[in-house]
Amino acid sequence: PVTIIVGIICKDKIVLTSDSQTSFGSSKRTDTNKISVVKFADNNPVLVAQSGNAELSSRAIEQFEKLAKTTQFDDYRRPVEAMEEALRLLKQDVIRLNNWESNRELAHEFFQDLDNNFSLMIAYYYGAPPLPHLYNVSFWPGIAARRYGYSTLGCGSTVAEFILSRSKVSEMETSYAIMTAIYTVEEVKKVDAFCGGQTKIAILDINHKAITTNNQKALDLIKCTIESMERYEEQTKIAWKAMMDTIANEAIENFDKKYPEKNEDKKDE
């Protein structure tokens with residue numbers, strides 16, 4: 001799945017960020033909106049981010065939106081169940097449109113093909129008091145799994161996981177979580193050619209209010225964050241090198257204390 005999606009649960013909000021690059025064979029576009037706000041029948045919003053096959057994932061979200069309009073958000077798993085149902089219906093559509101009813105092996109091969117796979121991240125609040133929920137689900141096998149603290153999707157996930165694993169996300173204030181999410185996506189874009197375009201953001205608060213990148217305030221926040229990151233990039237590299245030098249020197253010193261005879265051998269040489 002060519003993209004990077006980052007989800008962070010902080011003290012009183014859920015923050016989702018993504019890149020905006022989508023590949024189509026040898027061509028690509030860099031203005032794709034990969035995060036949607038879907039409202040249920042009682043007007044409660046859910047954030048959904050998509051990664052992977054754009055055509056199939058967009059159709060899945062369309063099906064999910066249709067189900068949400070007639071579904072009451074009356075259980076903590078209701079959005080996840082609606083999404084799993086949307087994926088089941090999409091699989092049925094693929095089989096029917098290709099006349100694979102009598103040849104399920106072809107359908108199985110299609111669903112197993114990595115080029116046809118996609119993943120979705122679902123974020124929302126539920127309960128009294130409202131509790132945050134974050135789930136990942138893939139087209140195949142289509143079973144949602146809950147994530148705690150943070151989650152990532154896409155080809156840039158390894159780098160994103162490395163960055164976020166060093167952050168205490170559960171203790172973050174909203175502003176820090178937003179900066180961390182934007183920073184993570186920007187760093188992934190530097191090392192992964194399949195991730196690019198403008199960084200997008202969506203925020204869902206404990207009162208069920210959703211803010212997306214379509215809001216000018218969010219666009220300005222992303223711009224200001226990236227500008228500040230660029231301004232301090234060189235200082236960050238210098239600080240990182242100094243820290244690694246300290247670690248290396250301490251490691252060598254401790255090693256020499258443990259194996260002093262090897263030091264004597266070096267002196268004789």
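Which residues line the largest cavity? That's where I'll start, folks. Quick housekeeping: this is a predicted model, so to speak of local features we need pLDDT of at least 70, side-chain atom pairs count only at pLDDT 80 or more, and totals for chains, interfaces and linings use all residues. Residues are numbered from 1 along each chain as its sequence is written, and side-chain values use heavy atoms, with hydrogens and water left out.

Okay, the cavity. The lining is Asn-33, Ile-35, Lys-200, Ile-201, Ala-202, Thr-212, Thr-213 and Asn-214. By cavity I mean a set of points on a 1 Å grid over the protein atoms alone where a 1.4 Å probe fits but cannot get out, and lining residues have an atom within 4 Å of a point. Strands (E, at least two residues) and helices (H or I, at least four) are DSSP runs, numbered from the N terminus.

Now the pocket, an open set with protein on both sides within 12 Å along at least five of seven lines. Of its 24 lining residues, Ile-163, Tyr-183, Glu-187, Thr-236 and Trp-240 are the closest to the centre. H4 (157-164), H5 (174-191), H6 (216-231) and H7 (233-258) each give two or more residues to that lining, and H5 gives the most, with seven.

Last stop, the rings. We get 11 aromatic pairs; rings of Phe, Tyr and Trp (its six-membered ring) pair if their centres lie within 6.5 Å, with planes under 30 degrees apart stacked, over 60 edge-to-face and the rest tilted. Take Phe-73 and Tyr-124: centres 5.4 Å apart, planes at 75°, so edge-to-face. Phe-73 sits in the loop between H1 (54-69) and H2 (78-97) and Tyr-124 in strand S7 (residues 118-126), so the pair ties together parts 51 residues apart in sequence. Buried or exposed? Phe-73 is buried at 4% relative accessible area, and Tyr-124 is buried at 0%. The cut-offs are under 20% for buried, over 50% for exposed and partly exposed in between, with a 1.4 Å probe and protein chains only.

One more thing: ring pairs link Phe-40, Phe-64, Phe-73, Tyr-124, Tyr-126 and Tyr-135 into a cluster. That's me done.
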